[in-house]
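Please find below a note on the chain under review. The comments are arranged as numbered points.

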Amino acid sequence: MTRHLRSLLDLSPADTMRVVDLAIEIKTDPSSCVTALAGKSIAMIFAKQSTRTRISFEVGISQLGAQSLALSTSGGAGMQMGRGESIHDTAKVLSRYVHAIVIRTFGQDHVDGLAEHGSIPIINALTDMYHPCQALADLQTIREHHGTTKGKRLVWVGAGNNVAHSLMLAGPRAGMDVVCCCPRSLPPNAFVLDQARADAAAAGTKIELSHDPHAAVVGADVIYSDTWVSMGEEAEATRLLQLLADFEVDEDLMTRAGPQAIFMHCLPAHRGEEVTDEVMDGPQSVVFDQAENRLHAQKALLMLLLGARAWS
């Protein structure tokens with residue numbers, strides 16, 4: 001049966017940690033998988049701008065011996081999706097040409113539609129609802145710096161957005177508690193919160209909401225932040241900056257957490273807004289390890305979804 005990564009809801013706890021384990025193996029010995037996807041072709045559809053996602057996927061696909069096709073949905077050289085061709089037809093056609101589709105877009109319905117109507121693996125490389133590839137790389141990074149994810153406590157500081165949603169789902173799958181510390185007016189999605197709490201109850205972990213960063217971060221193993229104004233939210237920038245003004249991660253917040261805490265950020269960072277230069281460039285920051293691990297985690301995911309390695 002064709003498997004997808006529409007969100008982390010597509011992965012069990014064992015599946016999630018299998019991706020992390022394989023990512024660490026690949027990072028340690030990249031030569032072990034240089035022909036893993038030889039002869040395969042993978043389409044990458046971009047409706048949103050991208051730095052880390054496009055480069056890490058394109059380089060990773062090449063390192064696995066496969067061909068990547070970077071496709072835009074806009075501009076004169078864009079796909080027909082940008083001119084109204086249906087998701088149904090796009091999924092059917094691309095399934096005849098390539099072996100998997102990676103898509104970075106706005107609506108989660110585009111990812112779900114491709115998975116419903118296509119016959120090849122679909123990978124969500126970011127939507128307004130989820131960012132599962134980022135969360136997988138984050139689990140790898142936490143494992144590298146803390147030795148394990150089990151029993152660790154991650155505190156998200158910012159709006160309840162797509163990255164927060166994926167981290168809330170990642171926590172129970174990795175044995176980790178997650179606190180979503182956000183303004184009352186910018187909460188996480190109610191469905192995701194309910195699902196994450198149900199998963200946490202089954203896993204013996206916790207998903208908590210907080211509105212006070214100074215209290216939430218005490219004793220945290222991970223403090224995680226993201227840009228306050230995401231792509232597509234530019235018209236709301238003034239309002240968002242005002243609502244989030246008390247949620248900047250600075251040296252005082254890191255001190256409250258303690259020396260064990262690492263600082264994470266999915267990038268790009270708006271220095272002087274959600275995080276200060278001192279924290280971004282400080283000794284507790286692991287943001288560039290995170291960025292690198294996108295490459296390794298996504299290679300592992302591609303190998304598993306395309307059958308080059310077994311899930312168990």
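The points below go from the chain as a whole to its sheet, a helix and a single residue.

1. Basis of the note. This is a predicted model, in which local features need pLDDT of at least 70 and side-chain atom pairs count only at pLDDT 80 or more, while totals for chains, interfaces and linings use all residues. Residues are numbered from 1 along each chain as its sequence is written, and side-chain values use heavy atoms, with hydrogens and water left out.

2. Overall form. Twelve helices and nine strands make up the secondary structure of the chain (DSSP runs numbered from the N terminus: helices are H or I of at least four residues, strands E of at least two). The radius of gyration is 19 Å, close to the 20 Å of the globule rule for 312 residues, so the chain is as compact as a globular protein of that length (taken over C-alpha atoms; the rule is 2.2 Å times the number of residues to the power 0.38). Buried residues account for 54% of the 312 (buried means under 20% relative accessible area, with a 1.4 Å probe and protein chains only).

3. The sheet. Five strands form an open sheet in the order β7-β6-β5-β8-β9, with parallel pairing (two strands pair if DSSP finds at least two bridges between them). The edge strands, each pairing on one side only, are β7 (207–210) and β9 (262–265). Strand β8 (residues 222–225) is joined to β9 by four bridges; tyrosine 224 has methionine 264 of β9 as its bridge partner.

4. Helix α1. The 16 residues of α1 (residues 13–28) should span 22 Å at 1.5 Å a residue, and the end C-alpha atoms are 23 Å apart, which agrees (the expected span is 1.5 Å times one less than the number of residues). Buried residues of α1 include Met17, Val20 and Ile26. Among the elements that cover the buried residues of α1 are α5 (132–146), α6 (162–173) and α12 (287–305) (contact means heavy atoms within 4.5 Å).

5. Threonine 149. This residue is found in the loop between α5 and β5 (153–157). Threonine 149 is buried, with a relative accessible area of 2%. Leaving aside residues up to four places away in sequence, threonine 149 touches Met17, Leu139, Ile142, Arg143, Ala174, Gly175 and Met176. A polar atom of the threonine 149 side chain lies 2.7 Å from the backbone oxygen of alanine 174.

Terms used
Buried < 20%, exposed > 50% of the residue type's maximum accessible area, 1.4 Å probe, protein only. Polar contact = N/O pair within 3.5 Å; in protein donor to acceptor, adjacent residues only side chain to side chain.
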